[in-house]
Amino acid sequence: MKSIVFLGDGMADFPIDRLGGKTPLQAARKPHMDLIAKNGQNGLLATIPQGMPQGSAVANLSVLGYDPRETYHGRAVLEAANMGVELTPNDVALRCNLICVTSDNKIKNHSAGHISNEEAKEIIDTLQKELGSKSEQPVAFYHGVSYRHLLVLKNGWASPEVECAPPHDHVGEKTADLLPSRQSAAAESTEIRLRELMDQAIPLLTNHPVNIKRIKEGKDPANFIWPWSAGQKPQMKTYQTLYGVKGAVISAVDLIMGLGLYAGMDVIKVKGATGLWDTNYEGKAEACLSALKDHDFVYVHVEATDEAGHAKDLDLKIKCIEMLDERLIQLVLKGIQDQHIESVVAVLPDHPTPVETGMHARDPVPFAIWHPNKEPDPVDRYDE
């Protein structure tokens, strides 16, 4: 028996007045998610333990069957794994967003207007050249995808015990109120160094040719760096050890692919997978069906719904749900039927990303699991 999980990142939401009190899942046309619900078992899953960050790293660890209270050490270390960045046990890694800040020093967006990979690489290379140091407090910048990058505090001088606000949860707020702050005396030098790097980056970004060009084109500049989610290299048992299955993960984002690597799963990269609404849904479906030939479990992650939630774009979030259903889930369901692949199929989000707030929430998320050998419950639609 094979197993497939379709994970629509941030897909869950709350009732919205503009939809007559419906959620985006309730308003969207998604017959194939509904088919899974109608033929399966349904319920609500709490993915974020109390006191833990309301983010995808914690939530996806829970969905995959890990206890995040034991295995979560910040999302940056997971992203580092997929980026091929080797961390020592003494290094502290942080996600480093390129963001856009307004003239009155408020966060305009968490993504620098979804800056391109090529533009972002030029900027990160400049930051590494100018700010990466071999001093007593060495740091290194590594370029990732679009606005998502990595900052590593190297050689054991830093502490992960520093509070750094996730920028996507604080759009419209003043940067001065959100700067890194120590959570213990051991993190004093880390707080000081991070704030110093953020200040030192401003003139480099303001005068960078990429940003000058983006402003001329009417685009948001990447005029601020935002380090967050500090952590150190985790120790995790593999999926094979825990559950005796060979797994594969399909995603466009470093966080999920890095989680897969630490879990000992095969990471399958799909050409044209972007992490946005224009991702290659059909390519992910094809990759999933191919992976089922020699894997017991395939985790298919789609980021688009989360990004639409952060953008507070209701129409886009509904559209992303519908594309996930029509262009990915439908193709996989048809493929396993045509190829007579007996499979357990599940669909769920990792956490809600409500369009009204643009921020992650910790509320339980709806799941549907279709097991071909189990009787369905009375639920006939997939939503909250």
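Predicted model: local features only at pLDDT ≥ 70, side-chain atom pairs only at ≥ 80, totals over all residues.
Which element gives the most to the lining of the largest cavity?

**Figure 1. The largest cavity, with a volume of about 90 Å³.** Helix α12 gives the most to its lining, with three residues. Both α12 (304-310) and strand β3 (92-101) supply at least two residues each. The lining is made up of 14 residues, and those nearest the centre of the cavity are R75, Y147, H168, E303 and D306. By class, the lining of the largest cavity holds two nonpolar, six polar and six charged residues.

**Figure 2. The second largest cavity, with a volume of about 30 Å³.** Two cavities of 30 Å³ or more are counted in the model. Lining the second largest cavity are H114, V145, S146, Y147, R148, T274, G275 and L276. Three of these lining residues are nonpolar, four are polar and one is charged. Y147 lines this cavity and is also one of the residues nearest the centre of the largest cavity.

**Figure 3. The contact of helix α5 with helix α10.** The axes of α5 (residues 75-83) and α10 (residues 254-262) lie 7 Å apart and form an angle of about 80 degrees. Angles of 65 to 115 degrees count as roughly perpendicular, and α5 and α10 are therefore roughly perpendicular to each other. From α5, the contact involves R75, V77, L78, E79, A81, N82 and M83; from α10, it involves D254, L255, M257, G258, L259, L261 and Y262. Nine of the contact residues are nonpolar, two are polar and three are charged. R75 of this contact is also among the residues nearest the centre of the largest cavity.

**Figure 4. The largest pocket, which holds about 480 Å³ of space.** Its lining has 23 residues, with P53, Y72, E163, C164 and S229 nearest the centre. Helix α3 (56-63) and strands β7 (162-163) and β9 (224-231) each contribute at least two residues to the lining. The lining of the largest pocket comprises eleven nonpolar, eight polar and four charged residues.

**Figure 5. The second largest pocket, which holds about 330 Å³ of space.** Of the 20 residues that line this pocket, N117, V145, A252, A273 and T274 lie nearest its centre. Two or more lining residues come from each of α5, β5 (139-145) and α10. Strand β5 gives the most, with three residues. The lining of the second largest pocket divides into nine nonpolar, nine polar and two charged residues. V145 and T274, named here among the residues nearest the centre, also line the second largest cavity.

Definitions and conventions: Residues numbered from 1 in each chain as written. Heavy atoms only, no water. Axes fitted to C-alpha atoms, helices over the stretch in contact; angles between N-to-C directions. Helix = DSSP H or I, 4+ residues; strand = E, 2+ residues; numbered from the N terminus. Parallel < 35°, antiparallel > 145°, perpendicular 65-115°, else oblique. Contact = heavy atoms within 4.5 Å. Nonpolar A, V, L, I, M, F, W, Y, C, P; charged D, E, K, R; others polar. 1 Å grid on protein atoms, 1.4 Å probe; cavity = no way out; pocket = protein on both sides within 12 Å on 5 of 7 lines; lining within 4 Å. Points joined across faces, edges and corners; volume = space filled by probe spheres on them.
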